[in-house]
2 protein chains.
Amino acid sequence: MYRQKRFLLDEAELPRQWYNIQAEMPNKPLPPLHPGTKKPLRAEDLFPIFAEECARQELNQTDAFIDIPETVREKYCSYRSTPLVRAYELENALGTPAHIYFKNESVNPLGSHKVNSALAQCYYLKEEGMTNVTTETGAGQWGAALAYAARVFGLEAAVYQVKISMQQKPYRSMIMRTFGATVEGSPSMSTRAGKDLITKNPAYTGSLGSAISEAIELATTTPGCKYSLGSVLSHVTLHQTIIGLEAEKQMAMAGEYPDMVIACFGGGSNFGGIAFPFMRHNFTGEHTTEFIAAEPASCPKLTRGEFRYDFGDESGYTPLLPMYTLGHNFHPANIHAGGLRYHGAGVIVSQLLKDGLMRGMDIPQLEAFDAAMIFARTEGIIPAPESSHAIAATVREALRCKETGEEKVILFNLSGHGLIDMTAYDSYLSGDLQNYNVADEEIARYLQDVPTMP
Amino acid sequence: MYRQKRFLLDEAELPRQWYNIQAEMPNKPLPPLHPGTKKPLRAEDLFPIFAEECARQELNQTDAFIDIPETVREKYCSYRSTPLVRAYELENALGTPAHIYFKNESVNPLGSHKVNSALAQCYYLKEEGMTNVTTETGAGQWGAALAYAARVFGLEAAVYQVKISMQQKPYRSMIMRTFGATVEGSPSMSTRAGKDLITKNPAYTGSLGSAISEAIELATTTPGCKYSLGSVLSHVTLHQTIIGLEAEKQMAMAGEYPDMVIACFGGGSNFGGIAFPFMRHNFTGEHTTEFIAAEPASCPKLTRGEFRYDFGDESGYTPLLPMYTLGHNFHPANIHAGGLRYHGAGVIVSQLLKDGLMRGMDIPQLEAFDAAMIFARTEGIIPAPESSHAIAATVREALRCKETGEEKVILFNLSGHGLIDMTAYDSYLSGDLQNYNVADEEIARYLQDVPTMP
């Protein structure tokens, strides 16, 4: 019997708009606050840091659909649509009655979903007359995507990469340099924020929060240069909704609709990207899909964090964001899923979680790699350690279906491949990987520095 | 104006047969000779080493099309069709009137075209009752593909990887191990062939020829185990014709037909894979396409080798093959394009070259990386060092079109991506890469060990 495994869209069918969930969610996110005045943030407050169009998108709570600029859509066409794949081999290996689909965002030259927003942000920066762009990166998926997008639009890129990730995954900084970007390990001595962190703790190997501080400082002190963020913020997630909008059409081609949508969770952009276009059909009551964000057990802001106004970075340069957080000074363990080592969740996701419209699931590092190995050996794709958290959550749910006999339709986002993360697999195969636990007291201690909600 | 960039086929349109050029070429290849009796080889002579069906395909000079087994075609569907891409950005950067297309074989989970034959060979081995498979690999693209295919069909895989490549590209052996394969650096102490080579030269870091010797020895001394080759042989190239057969349909979608087809050349499988389905239209006089095989200047068998009966491996275990060769003891320089470090060309290509139906083009290492950088920074894909030779040849021809004003249609095969080869790019960016010249006397010396044609 002929069973179609991959579903692709013609270029003409690629979405022409992104989906802005802020316009349709039952309770809007609380406003971000200006770090100085503590007043609700206006788009203009963000203009010195971000592309102006991105700043407007960030706070747009009225337009449910926002046009993708034609130039950006043309660049999307060089690698999109990405395949929706039915994971028959994984289903067989698990012996589950569930139907498992994944959206394969690893199939683009940069190897992850990150390029979807990098292209949009660099396009707007160029249009607005900028010459330079700077950013932070963890594992380096975002940094590689930004380095490429900057090259596409003729911008000079400077990337601060979390030092531990730079050491774990040396190939990624080489990729960024191949595209012409400058790369610095963070914390570095090239910014005040970096110097302060190193002075306080010379052995500190960084976090996304510290790298963000350095990049923002560079952007605000360099003419012609603005900052670009790879996740967390609402405009980044907006750009990523191309994933879910495509997936919706592709699931229809497969004749199914997901009962569950699963993605890994760092700052929320790949989760929101695949989830939000489906979630809007929950808002109308048309569907009752479950949404699961898989986070590392060692950095559990969704499952064990608190809803507070907190900074997005380690040095307190960003607006105060209403978010589930572990505290902006939280130092996550050195897990290989560098892209998930972030203390907070974006404001939209935080509101949705608060309202019970989605849930978090925490995955220990070893369970993520166990799932990654099953996936690699069945579907033939070595997943990124980040994406492996989504696979582990999928395996948990598929095995639950095996117990109950339910034929649930599960869709997860394979946000990236793991070819640059092979040292992590090597450690796993050698038995050197471990789980990291976070004590309640540790979380409480970091949260002491964070004001309770006003 | 809307310009389509990528062309893809529906699963239903994927070819159902491979193309066997042996049945249609004007002069058939001379017969391989049994290494013991020196008599023309029969398929049965190869049964102890290869899958029997592969041995029959190897010597089949009558059937122009050979059915792809349904199971293999189903596995192809998990990543095929691969995109045919119009390289608008590269054209712009070069300022050429040429239309440049590339077939993107890097877009599969293993990162290269190699999996097309690995799946076929492992399928036949399993069907014929084997439990184990062994092979050689250079840069590791083939080893990774075989490790995955063996896993798909439930075979145990043992891979001998050329020692220098193992050191240059450590991630590839990790990939093979992730799929469950055993990997040994070659020459190793685990075979007589390996021991002899190490004894003769303890510092020798291997070649594809030495790794082939070790794998064949393991296959012929292990019950239930056969050998699988990643290039050179006619049945491997047969499996790779899926590339050109797809490309033919995709070029028709784009409304063009190639004036030139270009591929890099190690043993000939990716070259034959994309070229042969187009070449048959030259045989009928319908087209006059040019075919260019891009080889490294440091391993120039097509442009400076001689047509002789020579061994396919370093220790003389294989049949004697009528091939353009530098001598089976030729030690190629340690260029990063490990997959092109092979002394000879397959028998079909050798005959075609002798008959003037194609040509070789030798590319110095630095020119290959110059071209790779242009390609990465325009098309956003970091190419494998092997594929970069095809890009360099394409750049040469496209710049020639710029001089003459000809709007030639050039199609090249992007056989793989270079994400596992980032140390090579790092060396290039640091200015540490060099060209290697081969003196005429060196080639003459190695050819002394090779008998002239009978």
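## Two domains in chain A

Chain A is divided into two domains: domain 1 covers residues 80-111 together with 235-447, and domain 2 covers residues 115-229. The structure discussed here is a predicted model. Between the C-alpha centres of domain 1 of chain A and domain 2 of chain A there is a separation of 24 Å.

## How the domains meet

Contact between the two domains of chain A involves 34 residues of domain 1 and 35 residues of domain 2. Together, domain 1 and domain 2 of chain A bury about 2600 Å² between them, and carbon and sulfur atoms give 54% of this area. On the side of domain 1 of chain A, the residues that lose the most area to domain 2 are A:Leu110, A:Tyr317 and A:Ile420; together they account for 28% of what that side buries.

The rule finds 2 salt bridges across the interface of domain 1 and domain 2 of chain A. A salt bridge joins the side chains of A:Arg172 and A:Asp421, with an N to O distance of 3.9 Å.

Two helices of chain A, α11 (234-253) and α16 (385-404), are the elements that give two or more residues to the side of domain 1 that touches domain 2. The most is given by α11(A), with 6 residues. Sorted by class, the side of domain 1 of chain A that touches domain 2 consists of 11 nonpolar, 16 polar and 7 charged residues.

## How chain A meets chain B

The model also contains an interface between chains. In it, 46 residues of chain A are in contact with 46 residues of chain B. The area buried between chain A and chain B is about 3900 Å², with 59% of it on carbon and sulfur atoms. Within chain A, the residues losing the most area to chain B are A:Tyr171, A:Thr178 and A:Arg377, which together make up 19% of what that side buries.

Between chain A and chain B, 2 salt bridges are counted. In a salt bridge between the chains, the side chain of A:Lys75 meets that of B:Glu89, at 3.3 Å from N to O. The count of residue pairs in polar contact between chain A and chain B is 14, with both residues at pLDDT 80 or more.

Several helices of chain A build the side that touches chain B: α3 (70-76), α6 (141-152), α8 (170-178), α15 (365-379) and α17 (422-429) each supply at least two residues. The largest share comes from α8(A), which contributes 6 residues. By class, the side of chain A that touches chain B holds 23 nonpolar, 9 polar and 14 charged residues.

## A buried serine

A single residue may now be considered. A:Ser350 is part of helix α14 of chain A, which spans residues 347-354. Is A:Ser350 buried or exposed? The relative accessible area of A:Ser350 is 0%, so this residue is buried, the cut-off for that term being under 20%.

The surroundings of A:Ser350 can be described in two steps. A polar atom of the side chain of A:Ser350 lies 2.9 Å from the backbone oxygen of A:Gly346. When neighbours within four places in sequence are left aside, A:Ser350 is in contact with A:Phe307, A:Pro322, A:Met323, A:Tyr324 and A:Ala345.

Terms used
Residues numbered from 1 in each chain as written. Chains lettered and ligands numbered in written order. Predicted model: local features only at pLDDT ≥ 70, side-chain atom pairs only at ≥ 80, totals over all residues. Heavy atoms only, no water. Domains from an automatic or database assignment. Contact = heavy atoms within 4.5 Å. Buried area = accessible area lost by both parts, 1.4 Å probe. Salt bridge = Lys/Arg side-chain N within 4 Å of Asp/Glu carboxyl O. Helix = DSSP H or I, 4+ residues; strand = E, 2+ residues; numbered from the N terminus. Nonpolar A, V, L, I, M, F, W, Y, C, P; charged D, E, K, R; others polar. Polar contact = N/O pair within 3.5 Å; in protein donor to acceptor, adjacent residues only side chain to side chain. Buried < 20%, exposed > 50% of the residue type's maximum accessible area, 1.4 Å probe, protein only.
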